[in-house]
Amino acid sequence: MPVSHASPATSKVSPPPGISTSFGSIGPLQGQLRLFLGCSSHPDNDNGAAVAFANEGLPRPGRDLQCQHFVLDCDAPLLVLAAKRHDSCVYVLVNLADTASRQAFSKAYGLSGLELVLIDSVLRATSCMLAVSDESRKTLREVLASHEAFLRDDHLWLLRLGEVTSGLPQEFAKRHPEAASSRSHHVLVLLGNRDAHFVGVRDALRRTLGKYK
């Protein structure tokens, strides 16, 4: 009995989407620091912002992003802000079980959303707002309030971060079907360690101001 073979057209499997992961921090970023970095200042979020160093895997959105939010439960509950921009998806992760990260996010998320400042060694810093819809803002606040009793965890969740990020495209597509067509996915993990945040801001200022000496 002859063995049938699938044709190349029917057996071809689409490659998995590309996923890159980088880290940033949330913390104070006053108007004067924004001025030095070359960013516009938003009057309603002087309590803080997210700061990250852009690399070739982390695009500069170029405009504010309307996000959807959801919570993933692995070794820690992770708040996800997800947005689709052109053919790329951007995901921002905050560990709700980590007191410092949760509180820093709560302070930095203002009426306009969460300000994200991206810095690299070539261009001056750029910023955009990551925001959920007006209807979802109350739900987001309820999510934050429901996790206030969580204590600082032992960061074991970072060991499973690769597994978590690999499933983000599918999780986002469940809520936003258009995201299924995206081939590029960029994950930014935001931490709330205050000392690390100040080190990041200091390095950002050195990179930015160093070009004008």
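## Overview

Two residues are in contact when heavy atoms lie within 4.5 Å. Take the contacts in this chain between residues at least 6 apart in sequence: 72% of them join residues at least 24 apart. The model is predicted.

The chain has 213 residues, and buried residues make up 44% of them. It holds seven helices and eight strands. The chain exposes about 11,400 Å². Carbon and sulfur atoms supply 56% of that area.

## The barrel

Eight strands close into a barrel. From one strand to the next, the twist averages 30°.

Helix α4, residues 134–146, touches β3, β4 and β7. The direction of α4 makes about 30° with that of β3. Helix α7, residues 194–210, also packs on the sheet. Helix α7 touches β1, β2 and β6, and its direction makes about 60° with that of β2.

Strand β7 covers residues 126–132. Five of its seven residues are buried, so the strand is largely enclosed by the rest of the structure.

Strand β6, residues 114–119, runs antiparallel to β7, and five bridges join the two. Here Leu 114 stands opposite Leu 130 in β7. Strand β3, residues 65–73, runs parallel to β7, with three bridges between them. Cys 67 stands opposite Val 132 in β7.

## The nonpolar cores

In soluble globular proteins, nonpolar side chains tend to be buried together. In this model, the largest nonpolar core has 28 residues. Ile 26, Phe 105, Leu 114, Leu 130 and Leu 190 touch the most other members. Which strand gives the most to this core? It is β7, with four residues.

A second, separate core has 18 residues, including Phe 70, Leu 72, Val 164 and Leu 168.

## Aromatic pairs

How many aromatic pairs does a search of the whole structure find? It finds two. Tyr 91 and Phe 172 form an edge-to-face pair. Their rings are 5.8 Å apart, centre to centre, with 80° between the planes. This pair links distant parts of the chain: Tyr 91 is in strand β5, Phe 172 is in helix α6, and they are 81 residues apart.

Are these two residues buried or exposed? Buried means under 20% relative accessible area. Tyr 91 has 0% relative accessibility, so it counts as buried. Phe 172 has 1%, so Phe 172 counts as buried too.

The other pair is Phe 105 with Tyr 109, and it is tilted. The ring centres are 5.6 Å apart, with 35° between the planes. Phe 105 and Tyr 109 are both buried.

Terms used
Residues are numbered from 1 along each chain as its sequence is written. This is a predicted model: local features need pLDDT of at least 70, side-chain atom pairs count only at pLDDT 80 or more; totals for chains, interfaces and linings use all residues. Side-chain values use heavy atoms; hydrogens and water are left out. Buried means under 20% relative accessible area, exposed over 50%, partly exposed in between (1.4 Å probe, protein chains only). Two strands pair if DSSP finds at least two bridges between them. Axes are lines fitted to C-alpha atoms, for helices over the stretch in contact, and angles run from 0 to 180 degrees between N-to-C directions. Accessible areas come from the Shrake-Rupley method with a 1.4 Å probe; for residues, only the protein chains shown count as cover. A nonpolar core is a set of buried Ala, Val, Leu, Ile, Met, Phe, Trp, Tyr and Cys residues joined through side-chain atoms within 4.5 Å. Rings of Phe, Tyr and Trp (its six-membered ring) pair if their centres lie within 6.5 Å; planes under 30 degrees apart count as stacked, over 60 as edge-to-face and the rest as tilted.
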